[in-house]
Amino acid sequence: MTFGYESDAHTEALFAEIGGRWDDRRVEYHSPDQEFVYPGRKVAVIPGVVHPYTPEGCTAEENMWILDGRLLLCTGCGLDGT
Ligand SMILES: [Zn+2]
């Protein structure tokens, strides 16, 4: 099992329970403005949740909390912003 940058084992377990997994692709930056992304930040892949953008091409301005506020994801690309 791999762990996100700041997430803990309990959060990972809850995430796995909803069928979530982390995309192993390395994220270079966020949005066409090339916002800095901490190394190790990953993109969440969740069944039934569609993210229309890749992190590098993402123009979404909003994040959403999932798992009762344990995980903060970009609504556009699913990038972990917790
Ligand atoms: Zn995004």
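Select Phe15, Val43, Ala44, Cys58, Leu71, Leu73, Cys74, Cys77 and Leu79, the nine residues of the largest nonpolar core, a core being a set of buried Ala, Val, Leu, Ile, Met, Phe, Trp, Tyr and Cys residues joined through C-beta atoms within 7 Å. Colouring by strand shows that β2 (43–45) and β4 each supply at least two residues of this core, and that β4 gives the most, with three. A residue is buried if 20 or more other C-beta atoms lie within 10 Å of its own, exposed if 12 or fewer, and partly exposed in between, with C-beta atoms placed from the backbone; of the 82 residues of the protein, 21% count as buried.

This is a predicted model, in which local features need pLDDT of at least 70 and side-chain atom pairs count only at pLDDT 80 or more, while totals for chains, interfaces and linings use all residues. Residues are numbered from 1 along each chain as its sequence is written.

Next, centre on Ala44, which touches Gly20, Trp22, Leu73, Gly78 and Asp80, leaving aside residues up to four places away in sequence; contact here requires C-beta atoms, placed from the backbone, within 7 Å.

Then move to β3 (residues 63–66) and β4 (residues 71–74), which pair in the antiparallel sense over four bridges, where pairing requires at least two DSSP bridges between the strands. Trp65 stands opposite Leu72 in β4, and in the four-residue turn of this hairpin Leu67 has a positive phi of about 55 degrees.

Finally, zoom out to the order α-β-β-β-β from the N terminus on, with helices (H or I, at least four residues) and strands (E, at least two) taken as DSSP runs and numbered from the N terminus.

Note on methods:
Contact = placed C-beta atoms within 7 Å.
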